[in-house]
Amino acid sequence: MDDLRAQLVATRETADASAASAQSAQLQCSELLKELDNKNGSIREHEARVLRLGEQLDNLQKDLQARESSQKQLKDEVLRIEHDIMEALAKAGENKNCELRKILEEVSPKNFEKMNKLLGVKDEEIAKLKDEIKIMSAHWKLKTKELESQVNYLVYQCDTLLINLFSVFLLLEHVL
């Protein structure tokens, strides 16, 4: 009879320890689930930011393309107008020493140089914006991968705890 009581006490102690272990595992699992929910929320916020940044990048690229096109049109238009003026002067005063033609011949190269400088500056701005777009894109891709890695680790921890919890319950079932 004493042996049976000793076995019963040992079984109760094992059951109590297993129950405490199961409760601890359940608390850990709950904490990990909360952390997982927080990380999922962070990922959703991050994805929303990435989408907004993607839209901003698209708008910047469209703006850059519009600027490049506008610069080309401006340059072509200035060259066309200068050509038209020179033709008109040539027709109006063939073989005459025209003061207006001299002025235009002096001013036209200067204007062309200024326009080239301005276009060069704008081209540099466009190149900088393109570089910034590439950097921002790479940065957000890296952040997304980091968050995904953290979520995968949390899922792994939850799975491990669930397996341990299941093992404890099986042990309890066997003991009882």
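These legends describe close-up views of a predicted model. Local features need pLDDT of at least 70, side-chain atom pairs count only at pLDDT 80 or more, and totals for chains, interfaces and linings use all residues. Residues are numbered from 1 along each chain as its sequence is written, and side-chain values use heavy atoms, leaving out hydrogens and water.

**View 1. The largest nonpolar core has 13 residues.** Such a core is a set of buried Ala, Val, Leu, Ile, Met, Phe, Trp, Tyr and Cys residues joined through side-chain atoms within 4.5 Å. Buried means under 20% relative accessible area, exposed over 50%, partly exposed in between (1.4 Å probe, protein chains only). L32 and L161 have the most contacts inside this core. Two elements each give two or more residues: α1 (2-92) and α2 (99-175). α2 gives the most, with seven. Helices are DSSP runs (H or I, at least four residues), numbered from the N terminus.

**View 2. L32 touches L154, Q157, C158 and L161.** Residues up to four places away in sequence are not counted. Contact means heavy atoms within 4.5 Å.

**View 3. K72 forms a salt bridge with D76.** The term means a side-chain nitrogen of Lys or Arg within 4 Å of a carboxyl oxygen of Asp or Glu. Here the closest N and O atoms are 3.0 Å apart. Both residues lie in helix α1, four residues apart. K72 is exposed, at 53% relative accessibility. D76 is partly exposed, at 38%.

**View 4. Salt bridges join E77, R80 and D84 into one network.** R80 pairs with E77 at 2.5 Å and with D84 at 2.6 Å, N to O. R80 is partly exposed, at 41%.
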